[in-house]
Amino acid sequence: MGFDAAIEVELSAAREILAGSHRVAAFSGAGLSAESGLATFRDPDTDALWSRFDPIELASAAGFEANPERVIDWYNWRRGKYAGVRPNAAHRALAAQARMIQMTQNVDHLLEQAGVPAQQVYHLHGSILRDRCNNPGCEHSATIDPAIPQTLRACPRCGDRMRPAVVWFGENLPQATWDRAQRLCMALDCLLVIGTSATVYPAAGLIELARQCDSRVIVIDPNPGAAADAADVYLAAPAAAVLPALLEGFDLASNP
Ligand code: OAD
């Protein structure tokens with residue numbers, strides 16, 4: 001597939017960076033899964049989730065306390081959407097890079113479905129395919145089948161409420177995953193940033209961290225934003241079109 005001349009120029013520059021890079025990792029957001037049919041949170045061109053729903057009501061501990069049924073219903077609705085989607089060409093292009101670590105803010109598992117080994121996916125914001133006990137001292141968690149809605153239910157271990165195993169506003173990222181992501185970003189030659197508004201911290205800070213540690217940054221996002229501002233090369237195009245073209249012929253495993 002052909003791109004317009006401006007994108008071709010940026011693609012060449014990005015390929016040149018990759019060709020000289022040994023340590024390459026990806027950092028993705030909701031835009032990576034957009035072409036699979038999952039809504040983003042803050043997309044200017046679409047019915048993004050946070051333009052339709054209040055994140056404090058649906059994605060915070062206070063919202064869950066105030067109305068747990070509504071929160072569970074909303075996650076069940078999102079799980080229902082997830083049950084019908086498949087990885088897109090961008091997920092597959094990333095999965096073809098056998099050794100590439102995938103740091104993602106996405107709570108879906110489309111990277112794993114595309115073939116990325118689970119241990120290579122750093123889920124910074126948790127997983128929509130798990131529930132966990134709301135009591136931090138309990139640590140009980142359970143896998144969820146997205147096709148089978150779960151009603152609000154008690155933890156079988158301690159009797160507190162079960163909740164989605166995702167990171168809500170005001171909560172800490174999973175510490176071990178976050179530590180690994182930061183260490184990785186301090187030792188990269190190139191960070192691929194895909195489909196994120198780069199507005200939610202601390203995750204978005206990984207881009208700055210990588211830059212401070214001398215990594216080059218390639219950003220793929222049809223809409224310019226905070227990530228594009230930090231880019232050495234900015235590819236203003238949808239990920240499913242441009243990522244396969246960027247990574248075609250690149251083999252991280254055999255890079256010098
Ligand atoms: P956002 O919705 O904030 O940003 C999505 C980005 O994807 C935007 O910059 C879009 O322009 C871009 N985009 C849209 N379609 C694309 C495509 N086909 N290819 C590439 N890019 C595309 O999503 P995140 O940055 O992931 O937190 O949001 C960060 C966090 O905010 C999420 O993890 C979530 C949310 O609140 C939690 O759930 C804890």
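Twelve helices and nine strands make up the secondary structure of the protein, which is a predicted model. Its radius of gyration is 18 Å, close to the 18 Å given by the globule rule for 256 residues, so the protein is as compact as a globular protein of that length.

**Overall dimensions and packing**
- The C-alpha trace of the protein spans about 55 × 35 × 30 Å along its principal axes.
- Of the 256 residues in the protein, 52% are buried.
- Among contacts with a separation of 6 or more, 65% are between residues 24 or more positions apart.

**Surface and charge**
- The protein has 21 positive and 29 negative charges.
- The mean positions of these positive and negative charges lie 7 Å apart.

**Helix α9**
- Helix α9 covers residues 175-185, and its buried residues are Thr177, Trp178, Ala181, Leu184 and Cys185.
- These residues lie on the same side of α9, because they cover an arc of only 125° around the axis.
- An α-helix has 3.6 residues a turn, so residues three or four places apart point the same way.
- Ala176 and Arg183 are exposed, on the face of α9 turned away from its buried side.
- The cover over the buried residues of α9 includes the strands β1 (24-28), β2 (101-104) and β3 (121-123), together with the helix α10 (205-212).

How values were computed:
Residues numbered from 1 in each chain as written. Predicted model: local features only at pLDDT ≥ 70, side-chain atom pairs only at ≥ 80, totals over all residues. Heavy atoms only, no water. Helix = DSSP H or I, 4+ residues; strand = E, 2+ residues; numbered from the N terminus. Rg over C-alpha atoms; globule rule 2.2 N^0.38 Å. Buried < 20%, exposed > 50% of the residue type's maximum accessible area, 1.4 Å probe, protein only. Contact = heavy atoms within 4.5 Å. Lys, Arg positive; Asp, Glu negative; His and termini not counted. Charge placed at Lys NZ, Arg CZ, Asp CG, Glu CD. Arc of directions from axis to C-beta.
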